[in-house]
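Here is a short report on a structure with several chains. Look at the sequence and the model first, then read on.

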Amino acid sequence: MIHLSGGCKLAGEWPVSGPSIVGEVMSRDADQLIIDCFFGCERQTVTATFQLSDDASPTPQLALSSELSHLGVGDFISIYPKSGRLRVLFRKESQTNNFLVTEVCDNYCLMCSQPPRKVNDERLLDEIAAIVPRLPKDLHEIGFTGGEPTLRGERFFSILRLLRDELPATAVHVLSNGRAFSRPELAQAWADIRHPDLMVGIPIYSDQSDIHDYVVQADGAFDETVRGVLNLKALRQAVEVRIVLHRHTIGRLEKFAYFIARNLSAVDHVALMGLELMGFAVAHQDDLWIDPREHERAITRAAQTLAWAGLRVSIYNLPLCVLSADARRYAIRSISDWKREYWQACSECSLREKCGGAFFSSRNRMEPYIAPIRELVESADSVIVEEPARRA
Amino acid sequence: MVEVTFAQEVARLSAVKKAAYRLAALCDVDIRSTPAGTRCELHATADTSGPELVALFRATVLDYELREDIAAKTSAFRDGLLAVAFAPLTRRDAEDGKV
Amino acid sequence: MARFKPLEEFFAQELHEYEFLPFKFHRLKTGRVFVSNIVGEWLVLDTQTFELFTSSSLTPASAAYADLRARHFLLDRDSGVAVDLLTVKLRQRLQHLRSVFGLAIFVVTLRCEHACPYCQVSRQSDDHAAFDMSPAYADAALKLLFASPAREFKIEFQGGEPLLNFGLIQHIVLEAKRLAEVSGKSVSFVITSNLALLTDDVLAFCAEHDILLSTSLDGPAELHNKNRPRRGNNSHQLATDGIRRVQNRLGADGVAALMTTTKASLDRVVDIIDEYRSQDLHEIFLRPLSPYGFAVKTKWFKAYDQLEWLRFYREGLRYIIDLNRRGERFIELYASTILGKMLTSRPGNYVDMMNPAGIGSRVIVFNYDGDIYASDEARMLAEMGDKTFRLGNVGADSLAEVVLSDSLLDAVEGTVLESAPMCSDCAFQHYCGADPVYHHATQGDPIGHKAFSGFCDRQMGIFEELIELMEADPEAARILSSWVRQ
């Protein structure tokens, strides 16, 4: 999970009132942006450029590193003057915006793309709360990730309530390990938010408690997560079960799909997800990486088991050519625009327009399996690929 | 007519009766409790031969004995699960009319 | 960066100490052992694994251990959610107890222009008054139905030949739709008909009101016509013409076909299936021989018939699976009903295979004469002179009064499989059902002695056949599991 960031330099006198400053890009031309800084400092408009001038005036100045040159009108940033770090909180032109709620987590997954840190990052929620009222009301959807968002408890829930009030037409998707919801009072507090379109995506990795606990590196996590799912479904909350496909989850995948179909049949969606090589997954990639074509049958059968039992199922982050013909109908173009990658061979593929490619981070690992599909146009039409409501 | 006796430690009476019931289409069974155990006289009513019938009857008795054993070991779970399943989850569910 | 713990650290200690969760077992003809738990999940084990498991000696070294744990046959210290999950699944299984009168059969007339020897109910007569349902009775029946707690139901028109009283069908459809609108309930319609009298007006009405048709197709022409005599001996022609006309007008799914199995059908199963295929029908219910109307004199006769039928069924099922192997989607509905119960948590809605029995609760029959019956078979039994399962009359104050009669409740409660001899220990209990009317008709007792029950023989034969196929043939297993799609 990348959060766009880059460097910045501040000059002049900034009337700061907190550890970070939040601003909205109001206009831009080729070499400067006009930013309305409205949180963490006295309200003012600042001109940002790509190099600091020698001007020693007290006027607040902001210089951005060149990788931030894609910023545009309607984007929100947060600036940390002490470290010179800049985070892009929201990109107007992106289909998928995710807010990082906290980097703290009570799991420690082998393949975590956003490795946990023990930090006091309450400030992150302050920033989110500051920008929510200024977000476009016609925003289609917004996501929350971490770390583990529920560890921020009531503070996090208050942001969801704020969203309910400020952007009632915006769908919200939260990623969580679900463990906190094993406490009935927390599940009830979640339900009491009464958001019109709120879904939580909860990873479960096996029908075996010890394998799941191993993947997430936390004893007892399986029981808590499953109880969390049951509690949420008892309160009729929307729940998605997510399974990341790698060496430790692929072996029992079909049996696990059957387990979900029998035990968690009330869940609203099941996502089978290709591995993103970020964070811990990079260090563990030799252990985790699997050849998707070698496991084509397991993936197809798992998807079919779920679909035939009446569950909604989608396959994410795997290009169409590594999936069997029967599995392609479950594939979704899920990878966020800036992370998506295609290969040279793709130019000859008849399904390129419908294919979601793969993660940029998996580019090299995936390359050997990529082969263009040369099928008749009719079968290309039969590949159903909707733009999904929820994405990675 | 063939005869077979089951010592108490081998098979309880209820298992023998269930086996006799199960095989009723193949034989009539006279069941008697004796000091040596439960004595069964098998009268074949179908085409099964004597030794075959005894073998089948023995195997069926032992299987029912196993079933009694498992039922005894799992009765607490069974009663508990059925009790909870028939009880409403929360007051709200009861009001919804939803189990 | 903290240390990552290996997999072994997440196994609980002393794993060979596990507890049993409630389960039943059955020794298959193949020698392996079928085990099923309290919510109908199942596994097939070899005898050695079964011995180890039941003597509390199975260890995780066995491949079956993980499956037995995941499917809730054993409980160890590694995880405690099994009980929570079993509770949820049990509740789901019991949900169906809440739905009532999903199927309401209206026998609009007993008159029929066919003279099928196996039919017990029809009358060759022009006496409308004697054998047609009156609008008054129909209205009274609808009133009772809509006043009941049922929220959605299917009205099925039966007979005789229902189209001989098409005027009443129209009246009932319009009145039911009006009542549905007012009460916020939903209703759908099916007409079972031999299609000989399918006029354009009938088709137009069906198209307008989304009425589906269901007809008899017993097989190729000579078999069908032999079973279903009619003046002109053209029943098959009329049926197939009718099927085509309905498909053209109402779409491919507008008509379903049912077969009746007679002795003559038993060695023609492939021909019968091919006949369905040639009529562009993609599913068949290979129905059992009906005991109603057969003079069953000896147990031997019954046994022979069931064995013959099972041979017929196996041959048909395997032929259909081979069609699927070659890419043709064709479903056998008896199998798909049972498979739905084996492979999913859905309770299924085939009334004759429910536990507790669905008679009088999931289905209710309003006869032409205003009498109310617990099921279509109950009605057939009455026409043979046995009114045991007649529940009451449309003059009653409510359906509750009618169905809560002692005779029905005794039959339903008494036949619950959990307490029936043999059924209470049966590993297939979850997939089977109580059929009080069948056992009453054949043995004089609604529970019946299952060792002498043709129903039990047949069911066990099918269970064994399906399990054997799924175990021996992975491709067949995939095909069979694809049939449970909703």
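## What counts as buried

A residue is called buried if 20 or more other C-beta atoms lie within 10 Å of its own. With 12 or fewer, the residue is exposed, and in between it is partly exposed. The model used here is predicted.

Start with chain B. Of its 99 residues, 20% count as buried.

## Chain B

How many helices and strands does chain B have? The secondary structure comes to 3 helices and 3 strands. Read from the N terminus, the elements of chain B follow the order β-α-β-β-α-α.

Contacts in chain B can also be sorted by separation along the sequence. Take those between residues at least 6 apart in sequence. Of these, 59% join residues at least 24 apart.

## Chain A: overall build

Chain A holds 12 helices and 16 strands. Its C-alpha trace spans about 65 × 55 × 40 Å along the principal axes. A compact globule of 392 residues would have a radius of gyration near 21 Å. Chain A has 22 Å, which agrees.

Now look inside. Of the 392 residues of chain A, 47% count as buried. Contacts with a separation of 6 or more tell another part of the story. In chain A, residues 24 or more positions apart account for 74% of them.

## Chain A: the barrel

Which strands close into a barrel in chain A, and in what order? There are 7 of them, and the order is β1-β5-β4-β3-β2-β6-β7. The pairing is mixed. Neighbouring strands of this sheet are turned by 40° against each other on average, direction ignored.

One pair in chain A shows the detail. Strand β3 covers residues 32–39, and strand β4 covers residues 44–49. The two run antiparallel, joined by 6 bridges. Within this pair, A:Ile35 stands opposite A:Val46 in β4(A). In general, strands of a sheet pair through backbone hydrogen bonds, either parallel or antiparallel.

## Chain A: helix α5

Helix α5 of chain A covers residues 221–234, which is 14 residues. From its first C-alpha to its last, the helix reaches 20 Å. That is close to the 20 Å expected at 1.5 Å a residue.

Is α5(A) largely enclosed or open? Of its 14 residues, 11 are buried, so α5(A) is largely enclosed by the rest of the structure. Among the buried residues are A:Phe222, A:Val226, A:Val229 and A:Leu230. A:Asp223 and A:Arg227 are buried too.

What do the buried residues of α5(A) pack against? In chain A, their partners are α3 (184–192), β11 (198–203), α4 (209–216) and β12 (238–244). They also pack against α3 of chain C.

## Chain C: overall build

Chain C has 18 helices and 15 strands. Its radius of gyration is 25 Å, close to the 23 Å that the globule rule gives for 486 residues, so chain C is as compact as a globular protein of that length. The C-alpha trace of chain C spans about 85 × 55 × 50 Å along its principal axes.

Buried residues make up 45% of the 486 residues in chain C. Consider contacts in chain C between residues at least 6 apart in sequence. Of those, 68% join residues at least 24 apart.

Strand β7 of chain C covers residues 152–158. This strand is mostly covered, with 5 of its 7 residues buried.

Two strands pair with β7(C). Strand β6 (residues 103–107) of chain C runs parallel to β7(C), and 5 bridges join them. Here C:Ile105 has C:Glu156 as its bridge partner. Strand β8 (residues 186–192) of chain C also pairs with β7(C) in the parallel sense, over 6 bridges. In that pairing, C:Glu152 has C:Ser186 as its bridge partner.

## Where chains A and C meet

How many residues of chain C are in contact with chain A? The count is 25, and they touch 24 residues of chain A. On the chain C side, the elements that give two or more residues are α2 (63–70), α3 (82–94) and α18 (474–482). The largest share, 4 residues, comes from α3(C).

The residues on this side of chain C divide into 11 nonpolar, 7 polar and 7 charged.

Technical notes
Residues numbered from 1 in each chain as written. Chains lettered and ligands numbered in written order. Predicted model: local features only at pLDDT ≥ 70, side-chain atom pairs only at ≥ 80, totals over all residues. Pairing = 2+ DSSP bridges. Axes fitted to C-alpha atoms, helices over the stretch in contact; angles between N-to-C directions. Rg over C-alpha atoms; globule rule 2.2 N^0.38 Å. Contact = placed C-beta atoms within 7 Å. Nonpolar A, V, L, I, M, F, W, Y, C, P; charged D, E, K, R; others polar. Expected span 1.5 Å × (residues − 1).
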